[in-house]
Amino acid sequence: MSSSPTRQERIHLDGRTLEGGGQLVRIALALSTITGRPITIDHIRGNRSGKKGLKASHLAAIKYLADVSGSAVSGAEVGSSSLTYQPPLDAETSVQQNQEINIHLPTAGSISLVFQALYPYLLHTASYLSDEEPQPVRVTITGGTNVSFSPSYDYISQVLVPNFARVGLPPLAVHLEKRGWATGPFSLGKVSFVVHPMGRNQESPYGFPRVDLDRYRRGKITQVDITVLAPDTLLGGSDHHDRKQGNSHASNDRYQHTTIRQLIEYETMRMLRTRLRKLHSSIVDDKDETVPINLRASERTHHRSHIYILIVAHTSNGFKLGRDALFGAHGEICQKQGGSRRGRPTDDRAMELIERCVDDFVDELYDPGRRSTSEGHRPCVDEYMRDQLVIFEALGKSTSKDEADVKEKEDEAYYSLHTQTARWVCEQMLGVEW
C-alpha cells in the first residue's frame, strides 16, 4: 500500500480514462463518500458514443450519497460533463444512514448500476446505525431490471450475490418486485436489496474484509443453468414462408406451433449440449459424463421485444460464471422484412440472440485465443463480475504487508477495460498498489 492522498487534497479524474464510461463515476463517488476525499471529474463518459455526460441513474446515486453524507455537489444534472463532489471533513463519522431507503428513477435506467454506486457506502456505514446489534439496511430502487449494458436482476441474483458471499463479503439478499424493460412499452420495475452489516476488519483502513482473488482458482464446470425470459407468441409472421423454404435458422416443421419462449428454451439447451461436449478437459468436471444443463427459470413476458437469456456455470470451487443476452442491447434491427411493425424481432433474430449468448458463454469458459503465456491463472469469476470486485479488493487491503502470501497471481491479460478502469480509479483515490 503506497501513501494515500490526504483527505483535504482534491482528486481530479479525467472521465475519458480507459473505458471512459459511467463506472468511473460510480466508483469515484463511492470512494469519495467513504473516505471524505473531494473529487472533480471532467469529461464524464467522454468515451461514449452518442450522448455523453451524466445520466439519470448517476444523478440518483449522487443525490442519495450527497444527502446521506452531507456532501456538497456542483454539476449534478443530466448531461453534465463535469462534477465536483465535496464530502464533509468528518465524513467517516457523520453517518446519517436510514434502514429503509427508497430511490425512484424517472426512466427504466439500470437499477443495478445505481445499487453498484451505493453498495460500498452502505456496507461501510451499516454497522454504525445502532449502538445495539447492527441491523440490515433495505434499499428499494425503481427503474429498469433488464437494461442494455448493465447487470440484469437475474445476473445479480444468480451470479453476483453468490460470488460476493464466496469471497467473504457479508450476506446480500435481492428480491424482484416487478420487472422493468428499457425496450418496448415503457415500464418501471422494482427491486429490493437487503444489505447486512459487515464485521469490521481492524487491519484495513476502512474496515472492509480482505478480498484477495489471487487466492482462488476457477475450478471445473459442474453444472449449467439457463434462464429464459420471452413472450409466448407463436413463431411465424411475415417471415414464415421463408422459414418453410429453409432460409431461416429456425426452419423446421416442428416449430409450426411453437412459441418464441419454447424455441429459445429448446435451442439454447441444444446448442449448449453440443458445445460443452467439445470443451477442453481442463474446463469440464468429468469428460466421461455430460455436464448437467438445467432450465432454472422460464418466464413469460408480454412484448415481443422483451427477450433475455442468462447462462450460468457452477464451478467446483463454488463460483458462478454468467453470460447473458438481451434483445436490443447490440442494436438489433427491431423490424421485420416487408414493412411489419417496429419493435417486433423476427424469429431469426431470436436465433441470433441464442447463438451470441451461447458463443459468449463458451468463450468465457474456454477461449484458447485469449490464453497468455504468463504463469498467472484466469480469474475465478467471469469477465463482467471481475470489475465488480475491484473496489472491495481495494477497500479491504491491509495496512500491513502480510498480504503477499500467494505466489501465483491472476493473469491480467484477462482483465476487461472495465476492470482496468476500476483499478485505476482505486489507485487514484486510495493510493493502493496491486
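Guide: A disulfide is a pair of cysteine sulfur atoms within 2.5 Å. By this rule the count here is zero. The model is predicted, so local features need pLDDT of at least 70 and side-chain atom pairs count only at pLDDT 80 or more, while totals for chains, interfaces and linings use all residues. Residues are numbered from 1 along each chain as its sequence is written, and side-chain values use heavy atoms, with hydrogens and water left out.

Of the 434 residues in the protein chain, 55% are buried.

The chain holds ten helices and twelve strands; these are DSSP runs numbered from the N terminus, helices being H or I with at least four residues and strands E with at least two. For contacts (heavy atoms within 4.5 Å), 77% of those with a separation of 6 or more join residues 24 or more positions apart.

Now the sheet. Four strands form an open sheet in the order β10-β9-β11-β12, and the pairing is mixed. At its edges are β10 (293-301) and β12 (320-326), each of which pairs on one side only. From one strand to the next the twist averages 10°. Pairing of two strands requires at least two bridges found by DSSP. β9 and β11 (residues 308-315) run antiparallel and are joined by eight bridges. Within that pair, V228 has I309 of β11 as its bridge partner. Helix α7 (residues 347-365) packs on the sheet and touches β9, β11 and β12; its direction makes about 155° with that of β12. Such angles run from 0 to 180 degrees between N-to-C directions, with axes fitted to C-alpha atoms, for helices over the stretch in contact.

Next come the charged side chains. Side chains of opposite charge can pair when their charged atoms come close. A salt bridge puts a side-chain nitrogen of Lys or Arg within 4 Å of a carboxyl oxygen of Asp or Glu, and 19 are counted by this rule. One of them, with 2.7 Å from N to O, is made by D232 and R261. It links distant parts of the chain: D232 lies in the loop between β9 (221-231) and α5 (240-244), and R261 lies in helix α6 (residues 260-276), 29 residues apart. D232 is partly exposed at 33% relative accessibility, whereas R261 is buried at 15%. Salt bridges with shared partners also join R218, R323, E364, R378 and E383 into one network.

Another salt bridge is that of E19 and R48, whose closest N and O atoms are 2.3 Å apart. This pair, too, links distant parts of the chain: E19 sits in the loop between β1 (11-14) and α1 (22-35), R48 in the loop between β2 (39-42) and α2 (56-69), 29 residues apart. E19 is buried, at 6%, while R48 is partly exposed, at 28%. In the salt bridge of R210 and D212, the closest N and O atoms are 3.0 Å apart. R210 counts as partly exposed with 30%, and D212 as buried with 12%.

R423 is a charged residue to look at by itself. It is placed in helix α10 (residues 417-430) and is buried, with a relative accessible area of 9%. The R423 side chain makes a polar contact of 3.4 Å with the side chain of E412. A polar contact is a pair of N or O atoms within 3.5 Å; within protein one must be able to donate a hydrogen and the other to accept it, and residues adjacent in sequence count only if both are side-chain atoms. Apart from neighbours within four places in sequence, R423 is in contact with R386, V390, E412, Y415 and W434.

Last, a strand with two faces. In a regular strand the side chains alternate between the two faces of the sheet. Strand β5 (residues 100-104) has I101 and I103 on a covered face, and E100, N102 and H104 on an uncovered one. β5 pairs with strand β6 (residues 137-143) in the parallel sense, over five bridges. Opposite E100 stands R138 of β6.

Methods:
Buried means under 20% relative accessible area, exposed over 50%, partly exposed in between (1.4 Å probe, protein chains only).
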